[in-house]
Amino acid sequence: MAKEEKVMGKGTKVAFIGGGVVIAALLVTVIILLVKGNGAVRDEVKRNVVVTSTNAEQVAEELINEQYVAPGYYSTQMSTTWHFATGDAVSEDAYVKNDAGNTNDVFFDVFLASDENEPILQSPVIPRGSEMTDISLEKKLDAGTYDCVMVYHLIDENQNTVSTLRVAFTIIIEQ
């Protein structure tokens with residue numbers, strides 16, 4: 001009877017370890033599905049990995065270390081001072097980037113801080129991982145320094161605004 005208890009103890013131990021591997025695999029699968037979104041097509045397609053007892057820790061570690069931006073949040077990269085030689089010239093230092101890690105495509109409108117009713121620039125849609133450079137204003141400005149507001153629109157696949165983000169920056173017109 002003592003031998004039977006030991007054998008059952010080993011079997012229980014094996015079943016417990018096997019159950020732990022299955023739970024870890026399910027957890028990794030759920031995390032992968034949450035990180036990937038609701039079946040949305042990404043610019044870069046990354047295939048899922050079959051989780052086994054030998055790679056479960058590695059897969060989980062890769063998921064933990066992967067950069068993630070929560071839905072509805074936005075990480076921005078842009079120059080905060082835009083210089084223009086003249087009011088109708090193309091800026092050599094203005095850029096706006098939609099990070100690849102973001103969850104939404106974006107477009108933005110630029111307003112003078114003193115008048116947020118009429119935009120001086122309306123961008124096209126910027127897909128995740130893309131950037132806009134060679135920027136020129138749609139409304140010609142006289143020489144001077146202007147306090148401005150950029151309003152980002154995070155959009156869904158139908159270009160409906162999901163949320164907005166406001167960023168203050170400066171435009172300098174040299175002549």
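This is a predicted model: local features need pLDDT of at least 70, side-chain atom pairs count only at pLDDT 80 or more; totals for chains, interfaces and linings use all residues.
Of the protein's 175 residues, 31% count as buried.

What about the fold? You'll find two helices and eight strands, and the pattern along the sequence is simple to remember: α-α-β-β-β-β-β-β-β-β. As for contacts with a separation of 6 or more, 62% of them come from residues 24 or more positions apart.

Three strands make up an open sheet in the order β1-β3-β6, with antiparallel pairing. Its edge strands, β1 (76–78) and β6 (131–132), each pair on one side only. If you zoom in on β1 and β3 (residues 96–98), you'll see that they run antiparallel and are joined by three bridges. One place to look is Q77, whose bridge partner in β3 is K97.

Then there are a couple of backbone angles to check. Most residues other than glycine have a negative phi. D134, though, has a positive phi, near 50 degrees. You can find D134 in the loop between β6 and β7 (144–155). Is D134 buried or exposed? With a relative accessible area of 59%, D134 is over the 50% cut-off, so this residue counts as exposed.

Further along, Q159 is another residue other than glycine with a positive phi, this one near 65 degrees. Look for Q159 in the loop between β7 and β8 (161–173).

Methods:
Residues are numbered from 1 along each chain as its sequence is written. Side-chain values use heavy atoms; hydrogens and water are left out. Helices (H or I, at least four residues) and strands (E, at least two) are DSSP runs, numbered from the N terminus. Buried means under 20% relative accessible area, exposed over 50%, partly exposed in between (1.4 Å probe, protein chains only). Contact means heavy atoms within 4.5 Å. Two strands pair if DSSP finds at least two bridges between them.
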